[in-house]
Amino acid sequence: MKPLLCSLSSSEVRIGHSLSEAERQHLARRRKTILQCLEQNGISCSEDKVPNIAVLGSGGGLRAMVGLLGSLCQLKEEGLLDCIMYLCGVSGSTWCMASLYKEPDWSTKLDLAKNNIVERLADGSVSLKEMGQKLAKYYSEKDHFSLTDVWSALIVSNMVNEIDEHKLTEQRGKYTKDPYPIYTVIDKQCKYDRLNADPWFEITPDESGYSLSGAFVDSSFLGSEFENGKKIKKQPEIDMLYLQGLCGSALADMEVILKKLQELITPHTTAELQDVPLSQEMDEESAQQSKASQTPDVPKAPEALLTLVELNLQSLKKEDLTHHLKAMNEHLKDKYKKIEKMTLKEGVEKSAKTMTQKELKDYTLQACSAITDMSKEHHNKDGSWIAILRSIEKLVHWTWGTNNNYLYKMKVESADSSVSQSKTRQYEDSGLLLNSPYFSVLRKERDIDLIISLDFSEGDPFKTVVQTAEKCKDLQIPFPEVVLPAKNTEPQDFYVFKGSSDAPTVIHIPLFNAVNCKGGIKKWVKTYSTFQMNYSREMITDLLEKAGLNIKNNKEKLLKEIGNVTGRKKTSKLGKV
(Lines give C-alpha, C1' and ligand atoms only; values in the text may rest on other atoms or scores of the structure.)
Protein backbone atom coordinates (compact mmCIF):
# COMPACT_ATOMS: atom_id res chain seq x y z
CA MET A 1 0.00 0.00 0.00
CA LYS A 2 1.28 3.47 -0.85
CA PRO A 3 2.17 5.45 2.30
CA LEU A 4 -0.52 7.94 3.32
CA LEU A 5 0.93 11.27 4.40
CA CYS A 6 -0.33 13.14 7.46
CA SER A 7 -2.46 16.20 6.87
CA LEU A 8 0.12 18.07 8.96
CA SER A 9 3.87 17.65 8.78
CA SER A 10 4.91 15.48 11.70
CA SER A 11 8.22 13.89 12.54
CA GLU A 12 6.61 11.81 15.28
CA VAL A 13 3.62 10.16 13.56
CA ARG A 14 4.12 8.05 10.44
CA ILE A 15 1.31 6.62 8.34
CA GLY A 16 2.48 3.89 6.00
CA HIS A 17 3.35 0.21 5.86
CA SER A 18 7.07 0.48 5.20
CA LEU A 19 9.58 -0.37 7.92
CA SER A 20 11.12 2.51 9.85
CA GLU A 21 14.50 3.73 8.69
CA ALA A 22 16.08 2.65 11.99
CA GLU A 23 14.75 -0.89 11.61
CA ARG A 24 15.98 -1.12 8.01
CA GLN A 25 19.44 -0.01 9.08
CA HIS A 26 19.50 -2.58 11.87
CA LEU A 27 18.45 -5.37 9.50
CA ALA A 28 21.20 -4.41 7.06
CA ARG A 29 23.80 -4.73 9.81
CA ARG A 30 22.26 -7.91 11.17
CA ARG A 31 22.37 -9.66 7.78
CA LYS A 32 26.16 -9.66 7.90
CA THR A 33 26.07 -11.44 11.28
CA ILE A 34 23.47 -13.93 10.06
CA LEU A 35 25.45 -14.65 6.89
CA GLN A 36 28.53 -15.47 8.97
CA CYS A 37 26.48 -17.71 11.29
CA LEU A 38 24.97 -19.60 8.37
CA GLU A 39 28.40 -20.19 6.86
CA GLN A 40 29.68 -21.51 10.18
CA ASN A 41 26.82 -24.02 10.12
CA GLY A 42 27.52 -25.14 6.55
CA ILE A 43 24.75 -23.13 4.90
CA SER A 44 25.85 -20.94 2.01
CA CYS A 45 24.05 -17.98 0.47
CA SER A 46 24.66 -14.39 -0.54
CA GLU A 47 23.94 -11.49 1.79
CA ASP A 48 20.87 -10.43 -0.16
CA LYS A 49 19.41 -13.96 0.15
CA VAL A 50 19.83 -14.24 3.92
CA PRO A 51 16.59 -15.64 5.38
CA ASN A 52 14.57 -13.57 7.84
CA ILE A 53 14.05 -15.75 10.89
CA ALA A 54 11.91 -14.68 13.84
CA VAL A 55 11.81 -16.23 17.31
CA LEU A 56 8.44 -15.80 19.02
CA GLY A 57 8.05 -16.08 22.79
CA SER A 58 4.49 -16.67 24.00
CA GLY A 59 2.95 -15.51 27.24
CA GLY A 60 2.99 -17.49 30.46
CA GLY A 61 4.20 -15.26 33.31
CA LEU A 62 7.49 -16.22 34.94
CA ARG A 63 7.32 -19.58 33.16
CA ALA A 64 7.58 -17.75 29.83
CA MET A 65 10.27 -15.39 31.11
CA VAL A 66 12.53 -18.21 32.29
CA GLY A 67 11.58 -20.52 29.41
CA LEU A 68 12.55 -17.95 26.79
CA LEU A 69 15.82 -17.28 28.58
CA GLY A 70 16.65 -21.00 28.61
CA SER A 71 15.78 -21.33 24.92
CA LEU A 72 17.92 -18.35 23.88
CA CYS A 73 20.86 -19.56 25.95
CA GLN A 74 20.70 -22.95 24.25
CA LEU A 75 20.40 -21.35 20.81
CA LYS A 76 23.62 -19.51 21.68
CA GLU A 77 25.23 -22.73 22.89
CA GLU A 78 24.34 -24.51 19.65
CA GLY A 79 25.67 -21.66 17.51
CA LEU A 80 22.24 -20.69 16.16
CA LEU A 81 21.33 -17.47 17.96
CA ASP A 82 23.10 -15.31 15.39
CA CYS A 83 20.81 -16.73 12.69
CA ILE A 84 17.86 -14.85 14.24
CA MET A 85 16.71 -11.55 12.75
CA TYR A 86 13.79 -10.76 15.09
CA LEU A 87 12.98 -11.55 18.73
CA CYS A 88 9.33 -10.94 19.54
CA GLY A 89 7.36 -11.50 22.71
CA VAL A 90 4.07 -11.11 24.50
CA SER A 91 3.34 -11.08 28.22
CA GLY A 92 5.94 -12.99 30.29
CA SER A 93 8.34 -13.38 27.36
CA THR A 94 8.67 -9.59 27.22
CA TRP A 95 9.96 -9.67 30.81
CA CYS A 96 12.88 -11.75 29.58
CA MET A 97 13.42 -9.40 26.64
CA ALA A 98 13.36 -6.33 28.89
CA SER A 99 16.00 -7.90 31.11
CA LEU A 100 18.24 -8.83 28.18
CA TYR A 101 18.06 -5.65 26.12
CA LYS A 102 19.11 -3.37 28.96
CA GLU A 103 22.52 -4.98 28.41
CA PRO A 104 24.06 -3.56 25.19
CA ASP A 105 24.80 -6.36 22.73
CA TRP A 106 23.56 -8.93 25.25
CA SER A 107 23.94 -11.87 22.87
CA THR A 108 27.74 -11.49 23.02
CA LYS A 109 27.71 -11.97 26.81
CA LEU A 110 24.63 -14.10 27.34
CA ASP A 111 26.06 -16.21 30.17
CA LEU A 112 26.65 -13.09 32.24
CA ALA A 113 23.19 -11.72 31.42
CA LYS A 114 21.59 -15.06 32.32
CA ASN A 115 23.40 -15.26 35.64
CA ASN A 116 22.33 -11.71 36.53
CA ILE A 117 18.70 -12.50 35.75
CA VAL A 118 18.75 -15.76 37.72
CA GLU A 119 20.34 -14.05 40.74
CA ARG A 120 17.72 -11.32 40.67
CA LEU A 121 14.78 -13.69 40.32
CA ALA A 122 16.07 -16.03 43.02
CA ASP A 123 17.41 -13.59 45.62
CA GLY A 124 16.37 -10.07 44.63
CA SER A 125 13.58 -8.07 46.22
CA VAL A 126 11.74 -4.77 45.99
CA SER A 127 10.71 -3.15 49.27
CA LEU A 128 7.25 -1.83 50.08
CA LYS A 129 8.83 1.60 50.34
CA GLU A 130 10.14 1.38 46.78
CA MET A 131 6.76 0.13 45.51
CA GLY A 132 4.94 3.00 47.23
CA GLN A 133 7.35 5.54 45.85
CA LYS A 134 7.03 4.17 42.33
CA LEU A 135 3.23 4.15 42.52
CA ALA A 136 3.23 7.76 43.69
CA LYS A 137 5.63 8.72 40.91
CA TYR A 138 3.43 7.16 38.22
CA TYR A 139 0.39 8.96 39.64
CA SER A 140 2.07 12.36 39.90
CA GLU A 141 3.70 12.33 36.46
CA LYS A 142 0.91 11.07 34.22
CA ASP A 143 -2.26 12.59 32.84
CA HIS A 144 -3.78 9.11 32.58
CA PHE A 145 -3.17 6.94 35.63
CA SER A 146 -4.56 3.41 35.26
CA LEU A 147 -4.42 -0.05 36.78
CA THR A 148 -1.44 -0.79 34.53
CA ASP A 149 0.56 1.65 36.66
CA VAL A 150 -0.66 -0.08 39.83
CA TRP A 151 0.02 -3.55 38.44
CA SER A 152 3.51 -2.52 37.30
CA ALA A 153 4.55 -0.79 40.53
CA LEU A 154 3.10 -3.27 43.01
CA ILE A 155 2.94 -6.67 41.29
CA VAL A 156 5.28 -6.91 38.30
CA SER A 157 8.11 -5.29 40.28
CA ASN A 158 7.60 -7.99 42.91
CA MET A 159 7.62 -10.79 40.31
CA VAL A 160 10.73 -9.70 38.42
CA ASN A 161 12.33 -8.29 41.59
CA GLU A 162 13.24 -4.99 39.98
CA ILE A 163 11.98 -1.51 39.29
CA ASP A 164 13.51 -0.79 35.90
CA GLU A 165 13.16 2.92 35.14
CA HIS A 166 15.23 2.82 31.96
CA LYS A 167 13.41 4.02 28.85
CA LEU A 168 12.89 1.79 25.83
CA THR A 169 14.41 4.36 23.48
CA GLU A 170 17.66 4.23 25.48
CA GLN A 171 18.25 0.94 23.68
CA ARG A 172 18.53 2.64 20.30
CA GLY A 173 21.86 1.80 18.75
CA LYS A 174 22.92 -0.37 21.72
CA TYR A 175 21.85 -3.78 20.41
CA THR A 176 23.65 -3.78 17.07
CA LYS A 177 24.72 -7.41 17.51
CA ASP A 178 21.34 -8.68 18.69
CA PRO A 179 18.03 -9.60 17.01
CA TYR A 180 15.62 -6.71 16.50
CA PRO A 181 13.20 -6.61 19.49
CA ILE A 182 9.42 -6.32 19.17
CA TYR A 183 7.14 -6.14 22.20
CA THR A 184 3.49 -6.85 21.45
CA VAL A 185 0.21 -5.71 23.05
CA ILE A 186 -3.31 -5.19 21.76
CA ASP A 187 -5.70 -2.26 21.53
CA LYS A 188 -8.50 -3.15 23.94
CA GLN A 189 -11.20 -1.14 22.19
CA CYS A 190 -10.34 -2.69 18.83
CA LYS A 191 -10.55 -6.15 20.38
CA TYR A 192 -14.05 -5.47 21.62
CA ASP A 193 -15.06 -3.72 18.39
CA ARG A 194 -13.95 -6.85 16.48
CA LEU A 195 -11.73 -4.85 14.14
CA ASN A 196 -9.74 -7.70 12.65
CA ALA A 197 -6.77 -5.76 11.34
CA ASP A 198 -6.47 -3.19 14.09
CA PRO A 199 -5.93 -4.83 17.53
CA TRP A 200 -2.29 -5.80 17.00
CA PHE A 201 -0.01 -3.16 18.47
CA GLU A 202 3.78 -3.45 18.41
CA ILE A 203 6.32 -1.53 20.47
CA THR A 204 9.99 -1.26 19.47
CA PRO A 205 12.80 1.05 20.59
CA ASP A 206 12.26 3.07 17.42
CA GLU A 207 8.52 3.33 16.85
CA SER A 208 5.25 1.87 18.05
CA GLY A 209 1.93 1.31 16.36
CA TYR A 210 -0.65 -0.86 14.65
CA SER A 211 1.18 -3.68 12.90
CA LEU A 212 -1.32 -4.35 10.13
CA SER A 213 -2.90 -0.91 9.73
CA GLY A 214 0.41 0.87 9.28
CA ALA A 215 0.08 3.78 11.71
CA PHE A 216 3.10 4.48 13.93
CA VAL A 217 4.51 6.97 16.39
CA ASP A 218 8.06 7.60 17.58
CA SER A 219 8.30 5.41 20.71
CA SER A 220 9.61 8.30 22.80
CA PHE A 221 6.22 9.99 22.29
CA LEU A 222 3.97 6.99 22.91
CA GLY A 223 1.53 8.33 25.50
CA SER A 224 2.00 12.01 24.65
CA GLU A 225 -1.02 14.04 23.61
CA PHE A 226 -1.56 14.48 19.86
CA GLU A 227 -4.19 16.08 17.68
CA ASN A 228 -4.29 15.67 13.90
CA GLY A 229 -0.72 14.38 13.89
CA LYS A 230 0.67 17.28 15.92
CA LYS A 231 2.09 16.79 19.41
CA ILE A 232 0.13 18.99 21.81
CA LYS A 233 1.56 17.94 25.18
CA LYS A 234 4.60 15.83 26.00
CA GLN A 235 4.14 13.07 28.56
CA PRO A 236 6.97 11.22 30.32
CA GLU A 237 8.25 8.41 28.16
CA ILE A 238 7.10 5.01 29.42
CA ASP A 239 9.75 3.15 31.37
CA MET A 240 10.62 -0.54 31.13
CA LEU A 241 8.70 -1.47 34.29
CA TYR A 242 5.51 0.03 32.86
CA LEU A 243 6.16 -1.69 29.52
CA GLN A 244 6.44 -5.03 31.32
CA GLY A 245 3.20 -4.31 33.17
CA LEU A 246 1.49 -3.29 29.93
CA CYS A 247 2.62 -6.44 28.13
CA GLY A 248 2.01 -8.72 31.12
CA SER A 249 -1.39 -7.65 32.39
CA ALA A 250 -3.31 -10.83 31.47
CA LEU A 251 -2.23 -12.23 34.83
CA ALA A 252 -4.04 -9.40 36.58
CA ASP A 253 -6.31 -10.47 39.39
CA MET A 254 -8.33 -8.10 41.56
CA GLU A 255 -7.67 -10.08 44.73
CA VAL A 256 -3.90 -10.05 44.15
CA ILE A 257 -3.92 -6.26 43.70
CA LEU A 258 -6.12 -5.69 46.75
CA LYS A 259 -3.87 -7.87 48.89
CA LYS A 260 -0.81 -5.92 47.81
CA LEU A 261 -2.59 -2.64 48.61
CA GLN A 262 -3.51 -4.13 51.98
CA GLU A 263 0.12 -5.07 52.57
CA LEU A 264 1.24 -1.58 51.59
CA ILE A 265 -1.20 0.19 53.92
CA THR A 266 -1.19 -2.08 56.99
CA PRO A 267 2.13 -1.00 58.59
CA HIS A 268 0.90 2.61 58.62
CA THR A 269 -2.42 2.05 60.40
CA THR A 270 -0.96 1.72 63.89
CA ALA A 271 -1.24 4.82 66.09
CA GLU A 272 2.47 5.58 66.04
CA LEU A 273 2.67 5.47 62.24
CA GLN A 274 -0.49 7.39 61.30
CA ASP A 275 1.32 10.52 60.15
CA VAL A 276 4.19 8.71 58.40
CA PRO A 277 4.24 8.97 54.60
CA LEU A 278 3.31 5.71 52.91
CA SER A 279 6.55 5.66 50.96
CA GLN A 280 8.68 6.06 54.09
CA GLU A 281 9.89 3.22 56.27
CA MET A 282 10.14 3.87 60.01
CA ASP A 283 12.88 2.86 62.38
CA GLU A 284 12.05 2.29 66.04
CA GLU A 285 13.27 5.72 67.22
CA SER A 286 11.24 7.56 64.59
CA ALA A 287 8.18 5.52 65.48
CA GLN A 288 8.49 6.49 69.15
CA GLN A 289 8.90 10.17 68.25
CA SER A 290 5.81 10.01 66.04
CA LYS A 291 3.86 8.33 68.82
CA ALA A 292 4.87 11.01 71.32
CA SER A 293 3.80 13.85 69.03
CA GLN A 294 0.46 12.30 68.06
CA THR A 295 -2.74 14.13 68.98
CA PRO A 296 -5.93 12.20 69.79
CA ASP A 297 -8.10 13.89 67.15
CA VAL A 298 -5.91 13.09 64.15
CA PRO A 299 -8.27 11.46 61.60
CA LYS A 300 -7.61 7.82 60.88
CA ALA A 301 -7.53 7.93 57.11
CA PRO A 302 -5.14 4.97 56.90
CA GLU A 303 -7.53 2.80 58.94
CA ALA A 304 -10.44 3.86 56.75
CA LEU A 305 -8.44 3.08 53.63
CA LEU A 306 -7.40 -0.32 54.95
CA THR A 307 -10.96 -1.16 55.96
CA LEU A 308 -12.17 -0.20 52.49
CA VAL A 309 -9.63 -2.53 50.88
CA GLU A 310 -10.59 -5.34 53.25
CA LEU A 311 -14.27 -4.74 52.53
CA ASN A 312 -13.64 -5.34 48.84
CA LEU A 313 -11.57 -8.45 49.61
CA GLN A 314 -14.38 -9.83 51.77
CA SER A 315 -16.84 -9.22 48.94
CA LEU A 316 -14.66 -11.14 46.47
CA LYS A 317 -14.65 -14.06 48.87
CA LYS A 318 -18.47 -13.87 49.22
CA GLU A 319 -18.10 -13.40 52.96
CA ASP A 320 -20.20 -11.38 55.40
CA LEU A 321 -19.55 -7.64 55.10
CA THR A 322 -21.36 -6.54 58.26
CA HIS A 323 -18.28 -5.85 60.35
CA HIS A 324 -16.42 -3.93 57.65
CA LEU A 325 -19.43 -1.85 56.63
CA LYS A 326 -20.01 -0.79 60.22
CA ALA A 327 -16.32 -0.05 60.66
CA MET A 328 -16.27 2.12 57.53
CA ASN A 329 -19.24 4.16 58.73
CA GLU A 330 -17.60 4.55 62.13
CA HIS A 331 -14.36 5.78 60.55
CA LEU A 332 -16.06 8.42 58.45
CA LYS A 333 -19.49 9.41 59.72
CA ASP A 334 -18.42 11.80 62.49
CA LYS A 335 -16.58 14.18 60.22
CA TYR A 336 -18.24 13.71 56.84
CA LYS A 337 -21.93 14.07 56.35
CA LYS A 338 -21.65 12.87 52.79
CA ILE A 339 -20.90 9.38 54.04
CA GLU A 340 -24.35 9.35 55.64
CA LYS A 341 -25.80 9.63 52.15
CA MET A 342 -24.33 6.29 51.17
CA THR A 343 -27.50 4.29 50.91
CA LEU A 344 -27.63 0.57 50.41
CA LYS A 345 -30.55 -1.76 49.91
CA GLU A 346 -32.21 -2.89 53.09
CA GLY A 347 -30.42 -5.92 54.51
CA VAL A 348 -27.11 -5.30 52.77
CA GLU A 349 -25.21 -5.26 56.06
CA LYS A 350 -26.63 -8.64 56.99
CA SER A 351 -25.20 -10.66 54.14
CA ALA A 352 -22.60 -10.16 51.39
CA LYS A 353 -24.88 -11.98 48.97
CA THR A 354 -27.34 -9.08 48.96
CA MET A 355 -24.72 -6.48 48.03
CA THR A 356 -24.51 -6.24 44.29
CA GLN A 357 -21.35 -5.46 42.42
CA LYS A 358 -22.73 -2.06 41.45
CA GLU A 359 -23.62 -1.25 45.06
CA LEU A 360 -20.11 -2.13 46.21
CA LYS A 361 -18.61 -0.10 43.38
CA ASP A 362 -20.70 2.98 44.23
CA TYR A 363 -19.98 2.61 47.93
CA THR A 364 -16.23 2.26 47.30
CA LEU A 365 -16.09 5.33 45.06
CA GLN A 366 -17.99 7.44 47.59
CA ALA A 367 -15.72 6.26 50.39
CA CYS A 368 -12.64 7.12 48.31
CA SER A 369 -14.02 10.60 47.81
CA ALA A 370 -14.59 11.03 51.56
CA ILE A 371 -11.13 9.78 52.45
CA THR A 372 -9.63 12.10 49.85
CA ASP A 373 -11.38 15.04 51.50
CA MET A 374 -10.10 13.86 54.87
CA SER A 375 -6.53 13.85 53.60
CA LYS A 376 -6.88 17.34 52.13
CA GLU A 377 -8.43 18.80 55.29
CA HIS A 378 -5.58 17.58 57.41
CA HIS A 379 -2.90 18.69 54.94
CA ASN A 380 -1.70 15.23 54.09
CA LYS A 381 0.75 15.96 51.29
CA ASP A 382 1.99 12.40 50.87
CA GLY A 383 1.31 11.57 47.24
CA SER A 384 1.35 7.87 47.97
CA TRP A 385 -1.94 7.99 49.84
CA ILE A 386 -3.63 9.78 46.97
CA ALA A 387 -2.11 7.27 44.54
CA ILE A 388 -3.56 4.43 46.63
CA LEU A 389 -6.99 6.05 46.60
CA ARG A 390 -6.87 6.54 42.84
CA SER A 391 -5.67 2.93 42.52
CA ILE A 392 -8.79 1.70 44.32
CA GLU A 393 -10.96 3.84 42.06
CA LYS A 394 -9.31 2.42 38.96
CA LEU A 395 -9.67 -1.06 40.43
CA VAL A 396 -13.44 -0.87 40.74
CA HIS A 397 -13.65 0.54 37.20
CA TRP A 398 -11.09 -2.08 36.01
CA THR A 399 -9.37 0.54 33.85
CA TRP A 400 -6.18 -0.66 32.14
CA GLY A 401 -3.51 0.75 29.84
CA THR A 402 -4.99 4.22 29.27
CA ASN A 403 -2.77 6.37 27.04
CA ASN A 404 -3.25 9.38 24.82
CA ASN A 405 -4.13 8.45 21.25
CA TYR A 406 -1.50 9.68 18.80
CA LEU A 407 -4.00 9.18 15.94
CA TYR A 408 -6.65 11.43 17.47
CA LYS A 409 -8.47 13.41 14.77
CA MET A 410 -6.22 12.07 12.01
CA LYS A 411 -7.54 10.62 8.80
CA VAL A 412 -5.98 7.20 8.41
CA GLU A 413 -7.47 5.30 5.47
CA SER A 414 -5.88 1.99 6.45
CA ALA A 415 -7.44 2.01 9.94
CA ASP A 416 -11.05 1.93 11.09
CA SER A 417 -12.37 5.45 11.62
CA SER A 418 -13.26 4.73 15.26
CA VAL A 419 -9.57 4.44 16.13
CA SER A 420 -8.94 8.14 15.47
CA GLN A 421 -12.12 9.38 17.13
CA SER A 422 -11.14 8.85 20.77
CA LYS A 423 -8.64 10.99 22.68
CA THR A 424 -7.30 7.95 24.52
CA ARG A 425 -6.76 4.27 23.80
CA GLN A 426 -6.38 1.35 26.18
CA TYR A 427 -3.58 -1.14 25.54
CA GLU A 428 -3.37 -4.52 27.25
CA ASP A 429 -1.70 -7.92 27.25
CA SER A 430 -1.85 -9.54 23.81
CA GLY A 431 -2.44 -12.88 25.50
CA LEU A 432 -6.03 -11.82 26.09
CA LEU A 433 -6.59 -12.19 22.35
CA LEU A 434 -3.68 -14.30 21.05
CA ASN A 435 -0.91 -15.55 23.32
CA SER A 436 1.90 -15.30 20.78
CA PRO A 437 3.19 -12.31 18.75
CA TYR A 438 2.57 -13.73 15.28
CA PHE A 439 1.01 -10.66 13.72
CA SER A 440 3.96 -8.38 14.42
CA VAL A 441 6.15 -10.61 12.22
CA LEU A 442 3.44 -11.31 9.65
CA ARG A 443 3.67 -7.74 8.37
CA LYS A 444 4.40 -8.20 4.67
CA GLU A 445 7.27 -5.72 4.87
CA ARG A 446 9.19 -7.93 7.31
CA ASP A 447 9.26 -10.73 4.73
CA ILE A 448 9.65 -13.49 7.32
CA ASP A 449 10.84 -16.83 5.94
CA LEU A 450 10.90 -18.90 9.12
CA ILE A 451 9.08 -18.53 12.44
CA ILE A 452 10.34 -20.40 15.50
CA SER A 453 7.38 -20.42 17.86
CA LEU A 454 8.36 -21.13 21.47
CA ASP A 455 5.09 -21.88 23.22
CA PHE A 456 5.08 -21.46 27.00
CA SER A 457 1.28 -21.33 27.29
CA GLU A 458 -0.65 -23.20 29.92
CA GLY A 459 -3.30 -25.47 28.45
CA ASP A 460 -3.62 -26.41 24.78
CA PRO A 461 -0.05 -26.24 23.35
CA PHE A 462 -1.41 -25.70 19.82
CA LYS A 463 -3.99 -23.02 20.54
CA THR A 464 -1.82 -20.08 19.45
CA VAL A 465 -0.77 -21.51 16.10
CA VAL A 466 -4.30 -22.74 15.31
CA GLN A 467 -5.80 -19.34 16.17
CA THR A 468 -3.22 -17.62 14.01
CA ALA A 469 -3.93 -19.87 11.03
CA GLU A 470 -7.66 -19.16 11.33
CA LYS A 471 -7.18 -15.41 11.67
CA CYS A 472 -4.74 -15.31 8.75
CA LYS A 473 -7.30 -17.05 6.58
CA ASP A 474 -9.85 -14.35 7.44
CA LEU A 475 -7.34 -11.57 6.76
CA GLN A 476 -5.88 -13.22 3.64
CA ILE A 477 -2.39 -13.28 5.11
CA PRO A 478 -0.20 -16.16 3.85
CA PHE A 479 0.24 -18.77 6.59
CA PRO A 480 0.78 -22.53 6.43
CA GLU A 481 -1.98 -25.03 7.10
CA VAL A 482 -1.81 -26.38 10.65
CA VAL A 483 -2.36 -30.13 10.81
CA LEU A 484 -2.70 -31.21 14.42
CA PRO A 485 -1.47 -34.50 15.88
CA ALA A 486 -3.98 -37.15 16.92
CA LYS A 487 -6.16 -36.25 19.90
CA ASN A 488 -5.29 -37.54 23.36
CA THR A 489 -1.60 -37.82 22.52
CA GLU A 490 1.15 -36.01 24.40
CA PRO A 491 2.75 -33.18 22.40
CA GLN A 492 6.16 -33.78 20.90
CA ASP A 493 9.00 -31.27 21.06
CA PHE A 494 9.13 -30.21 17.41
CA TYR A 495 6.50 -29.53 14.76
CA VAL A 496 6.93 -28.03 11.29
CA PHE A 497 4.09 -26.42 9.33
CA LYS A 498 4.71 -25.48 5.69
CA GLY A 499 2.54 -23.77 3.15
CA SER A 500 2.76 -22.03 -0.20
CA SER A 501 5.91 -20.28 -1.36
CA ASP A 502 4.73 -16.92 -0.02
CA ALA A 503 3.92 -18.29 3.45
CA PRO A 504 6.58 -18.59 6.15
CA THR A 505 7.56 -21.98 7.49
CA VAL A 506 6.52 -22.31 11.13
CA ILE A 507 8.41 -24.40 13.69
CA HIS A 508 6.32 -24.90 16.81
CA ILE A 509 7.92 -26.05 20.07
CA PRO A 510 5.72 -26.68 23.15
CA LEU A 511 7.64 -26.11 26.39
CA PHE A 512 6.57 -29.28 28.21
CA ASN A 513 6.38 -32.31 25.95
CA ALA A 514 6.73 -36.06 25.74
CA VAL A 515 10.44 -35.83 25.00
CA ASN A 516 11.76 -33.54 27.73
CA CYS A 517 9.21 -34.56 30.37
CA LYS A 518 9.11 -38.31 29.66
CA GLY A 519 5.56 -38.93 30.84
CA GLY A 520 5.60 -36.21 33.48
CA ILE A 521 3.98 -33.33 31.59
CA LYS A 522 1.15 -32.86 34.11
CA LYS A 523 3.61 -32.72 36.98
CA TRP A 524 5.69 -30.02 35.28
CA VAL A 525 2.62 -28.00 34.30
CA LYS A 526 1.38 -28.13 37.90
CA THR A 527 4.78 -27.10 39.27
CA TYR A 528 4.99 -24.05 37.00
CA SER A 529 1.48 -22.62 37.04
CA THR A 530 0.93 -19.30 35.28
CA PHE A 531 -0.13 -17.37 38.36
CA GLN A 532 2.91 -18.09 40.54
CA MET A 533 4.45 -14.86 41.75
CA ASN A 534 7.98 -16.17 42.42
CA TYR A 535 10.24 -19.14 41.65
CA SER A 536 12.95 -20.66 43.83
CA ARG A 537 16.49 -20.94 42.49
CA GLU A 538 15.99 -24.67 41.99
CA MET A 539 12.79 -24.09 40.00
CA ILE A 540 14.54 -21.54 37.81
CA THR A 541 17.48 -23.85 37.13
CA ASP A 542 15.24 -26.81 36.31
CA LEU A 543 13.08 -24.75 33.94
CA LEU A 544 16.09 -23.28 32.15
CA GLU A 545 17.28 -26.82 31.53
CA LYS A 546 13.88 -28.07 30.32
CA ALA A 547 13.52 -25.22 27.85
CA GLY A 548 17.09 -25.66 26.68
CA LEU A 549 16.53 -29.35 25.94
CA ASN A 550 13.92 -28.43 23.32
CA ILE A 551 16.65 -26.62 21.39
CA LYS A 552 19.50 -29.04 22.13
CA ASN A 553 17.50 -32.12 21.11
CA ASN A 554 16.43 -30.48 17.86
CA LYS A 555 19.53 -28.70 16.62
CA GLU A 556 19.76 -30.79 13.45
CA LYS A 557 16.06 -30.31 12.69
CA LEU A 558 16.40 -26.57 13.19
CA LEU A 559 19.41 -26.47 10.87
CA LYS A 560 17.53 -28.50 8.27
CA GLU A 561 14.62 -26.03 8.19
CA ILE A 562 16.96 -23.04 8.18
CA GLY A 563 18.73 -24.64 5.24
CA ASN A 564 15.40 -25.29 3.50
CA VAL A 565 14.17 -21.69 3.75
CA THR A 566 17.61 -20.43 2.69
CA GLY A 567 17.53 -22.68 -0.36
CA ARG A 568 14.01 -21.61 -1.19
CA LYS A 569 15.03 -17.98 -1.00
CA LYS A 570 18.10 -18.59 -3.19
CA THR A 571 16.04 -20.18 -5.94
CA SER A 572 13.24 -17.63 -5.76
CA LYS A 573 13.20 -15.30 -8.72
CA LEU A 574 11.84 -12.54 -6.54
CA GLY A 575 14.30 -12.98 -3.71
CA LYS A 576 13.79 -10.44 -0.95
CA VAL A 577 10.84 -8.12 -1.44
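1. The side chain of H17 reaches the backbone oxygen of S213, at 3.5 Å. Keep in mind that this is a predicted model. H17 sits in the loop between β1 (13-15) and α1 (21-40). Is H17 buried or exposed? Its relative accessibility is 14%. The cut-off for buried is under 20%, so H17 counts as buried.

2. Now the whole chain. It has 577 residues, and 57% of them are buried. The secondary structure comes to 20 helices and 14 strands. The chain exposes about 24,600 Å². Carbon and sulfur atoms supply 48% of that area.

3. A547 and L454 give a pair to look at on the model. They are 93 residues apart along the chain, and their C-alpha atoms are separated by 9.2 Å.

4. Look next at strand β3, residues 86-89. Which of its faces are covered? Both are. Y86 and C88 lie on one side, L87 and G89 on the other, and all four residues are buried.

5. Strand β3 has a partner in β2, residues 53-57. The two strands pair in the parallel sense, over 4 bridges. Find G57 on the model: it stands opposite G89 in β3. Helix α2, residues 61-77, belongs to this picture too. Together β2, α2 and β3 make a right-handed β-α-β unit.

6. Strand β3 also pairs with β4, residues 180-187. This pairing is parallel too, with 4 bridges. Which residue in β4 is the bridge partner of L87? It is P181. Recall that L87 is one of the buried residues of β3.

7. P181 comes up again in the surroundings of T204. T204 lies in the loop between β5 (200-203) and β6 (207-210). Its relative accessibility is 2%, so T204 counts as buried. Leave aside residues up to four places away in sequence, and T204 touches L168, Y180, P181, I182 and S219. With Y180 there is a polar contact: the two side chains are joined at 3.3 Å.

8. Check the cysteines. How many disulfides does a search of the whole structure find? It finds 0. C83 is in no disulfide, and the nearest cysteine sulfur, that of C37, is 3.1 Å away. C83 has a relative accessibility of 1%, so it counts as buried. C517 also counts as buried, because its relative accessibility is 8%.

9. Finish with A547, which lies in helix α19 (residues 537-552). Is A547 buried or exposed? With a relative accessible area of 0%, A547 is buried. What does A547 touch, not counting residues up to four places away in sequence? The answer is G67, G70, S71 and L511. Go back to point 5 for helix α2, which spans residues 61-77. Then find G67, G70 and S71 on the model, and trace their contacts with A547.

How values were computed
Residues are numbered from 1 along each chain as its sequence is written. This is a predicted model: local features need pLDDT of at least 70, side-chain atom pairs count only at pLDDT 80 or more; totals for chains, interfaces and linings use all residues. Side-chain values use heavy atoms; hydrogens and water are left out. Buried means under 20% relative accessible area, exposed over 50%, partly exposed in between (1.4 Å probe, protein chains only). Accessible areas come from the Shrake-Rupley method with a 1.4 Å probe; for residues, only the protein chains shown count as cover. Two strands pair if DSSP finds at least two bridges between them. A crossover is right-handed if, with the strands pointing away from the viewer, the path from the first strand over the helix to the second runs clockwise. A disulfide is a pair of cysteine sulfur atoms within 2.5 Å. A polar contact is a pair of N or O atoms within 3.5 Å; within protein, one must be able to donate a hydrogen and the other to accept it, and residues adjacent in sequence count only if both atoms are side-chain atoms. Contact means heavy atoms within 4.5 Å.
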